[in-house]
Amino acid sequence: MQLMMLFAPQPRPIFHKPPFFFQFSFNLNENYSNPIYLIYPQTIRSKFARKTDSESISCSVTTSSAHINSEGKEFSVDAYNEILCEMCEEGEVDDAMALLSQMEALGVRPYSISYSCLITRLADAGRTLEADAILQEMLISGCKPKIRLLNAMLTSCLKKGLLELSEKVLIAIDDLGLHRNRKTFEILIDYHVSSGRLNDTWLVIAEMKRKGYYPNSYVYSKIIEIYRDNGMWKKAMAVLGEVREMGLAMDRRIYSSIIDTFARYGELGEALELFEKMQKDGIKPDINTWNSLIRWHCKYGDSGGALGLFGRMQEEGIYPDPKIFVTIISTLGEQGKWDVIRKNFENMKVRGQQKSGAIYAVLVDIYGQYGKFQNAEDCVMALKSEGVELSRSVFCVLANAYAQQGLCEQVVKVLQLMEAEGMEMNLIMLNVLINAFAIAGRDMEALSVYHHILESGISPDVVTYSTLMKAFLWAKKFDQVPKIYSEMEASGCSPDRKAREMLKSAVIALEQRH
């Protein structure tokens, strides 16, 4: 029984509102009188909800394994479970949740595979609390989950920054007699690297080795990234020598990590040289490699090189990532090259990339060229009319575009619209909101978002802390910067180069005051 209650009881989210994704109002400065609210959507979309009571679950129990609906059609337990799995495979998660409720009302118990399909789908969709609730039911019913399912739960929890729930998943893996496999360790390493937790990364790698899983190309690429992000240039390059000594082949992951390391530190020539060698070795760059090169060319002022790479990427048949549009448009916009931006858009239309072009055009507008989409709702409606699928990534790009302009209210509207589409908030989006307030000079609102993150049980990452430091630095509240820096270190996050530079600037400013 103790094992069954590993996960803290949660109300069934299909009937009850989750406790914190996402409701709060900001304490606004006196100059901003209109409070901002984000409300979790209440509507539950289901084809079953559109039926009358007699049409939906008017079934009676005939045997322990079959039920008959109002039309006289018999449904077996197998049929119910098969339909549930099919709904999950087709992405109809809300319908699957409604069907599960009907099955329970009729006394039909889901099979282990049905539970697994539903939990995996909920976890993949970022609906972690609902996945946790169904996992509790699965454990109580006596079904034993496999390591693959718990790995999916672990991934979902870490993406949300829910470290306490992640720890409970790891405890469940051990208590159920399952063994953490290579995938489990890779999930943990990926999270700690992306969160800037250097010490935690090494602890996981050490445990991984003790369990007999030695680093592969994926782990080595992550080691390069954590060194790179912590300003350890030489150590990152030394890993390359270790890879060669181990006899591991240079694959896409390792190439991409090293290319990004070169480019990040301004060594664009070396990055491009390695990029060409990568292709000569028969390894095709993925979207992340292209984005990295384009981003750092923009960062170092080489917009021509960035556009050249952007064109090459499309010629290679790679669908442009909307995230990189923000970088290109903001760089060219700052340089006043709106004619180049327009030409780039025309080139995309010629290549038949209509949906990408729609996103690109909206982002151009947000950055102030035409002023047509200063309202987030109009922006989203325009994308829908072009047939653009509104994924979490698209919402993140839109929110970031508004944030770069300091349009805080529009960022909040984007987040509201995202939740209305059934997508839960995550740490990335909250970091974008902190950044919006920082750029707008509204440091107290940025701090309110940070406090909300902590109160919600989400663990901030290095981006959260560094963005909050920027908010105080720009507001000239230099005494607050060292405090946030100390909180970052206490949380286990390793300060990156940007955070260290901001701390140095704040300390110098404080010394000059005295």
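Before I list any partners, I need one term: contact means heavy atoms within 4.5 Å. I also note that this is a predicted model.

**Entry 1: a helix pair**

I looked up helix H2, residues 77–89, and helix H3, residues 93–105. Which residues of H2 meet H3? From H2 I listed Tyr-80, Asn-81, Ile-83, Leu-84, Met-87 and Cys-88. Their partners in H3 are Asp-95, Ala-96, Leu-99 and Met-103.

Next I wanted the geometry. Two packed helices are described by the angle between their axes and the distance between the axes. For H2 and H3 I noted an angle of about 160° and axes 9 Å apart. Angles over 145 degrees count as roughly antiparallel, so H2 is roughly antiparallel to H3.

Eight are nonpolar, one is polar and one is charged.

**Entry 2: a cavity**

How many cavities of 30 Å³ or more does the structure hold? I found one. The largest cavity has a volume of about 30 Å³.

I wrote down its lining: Cys-298, Ser-303, Ala-306, Leu-307, Ile-328 and Leu-332. H15 gives the largest share, three residues.

I sorted this lining by type too. Five residues are nonpolar, one is polar and none is charged.

How values were computed:
Residues are numbered from 1 along each chain as its sequence is written. This is a predicted model: local features need pLDDT of at least 70, side-chain atom pairs count only at pLDDT 80 or more; totals for chains, interfaces and linings use all residues. Side-chain values use heavy atoms; hydrogens and water are left out. On a 1 Å grid over the protein atoms alone, a cavity is a set of points where a 1.4 Å probe fits but cannot get out, and a pocket is an open set with protein on both sides within 12 Å along at least five of seven lines; lining residues have an atom within 4 Å of a point. Grid points are joined across faces, edges and corners, and a volume is the space filled by probe spheres set on the points. Helices (H or I, at least four residues) and strands (E, at least two) are DSSP runs, numbered from the N terminus. Ala, Val, Leu, Ile, Met, Phe, Trp, Tyr, Cys and Pro count as nonpolar, Asp, Glu, Lys and Arg as charged, and the others, Gly among them, as polar. Axes are lines fitted to C-alpha atoms, for helices over the stretch in contact, and angles run from 0 to 180 degrees between N-to-C directions. Angles under 35 degrees count as roughly parallel, over 145 as roughly antiparallel, 65 to 115 as roughly perpendicular and the rest as oblique.
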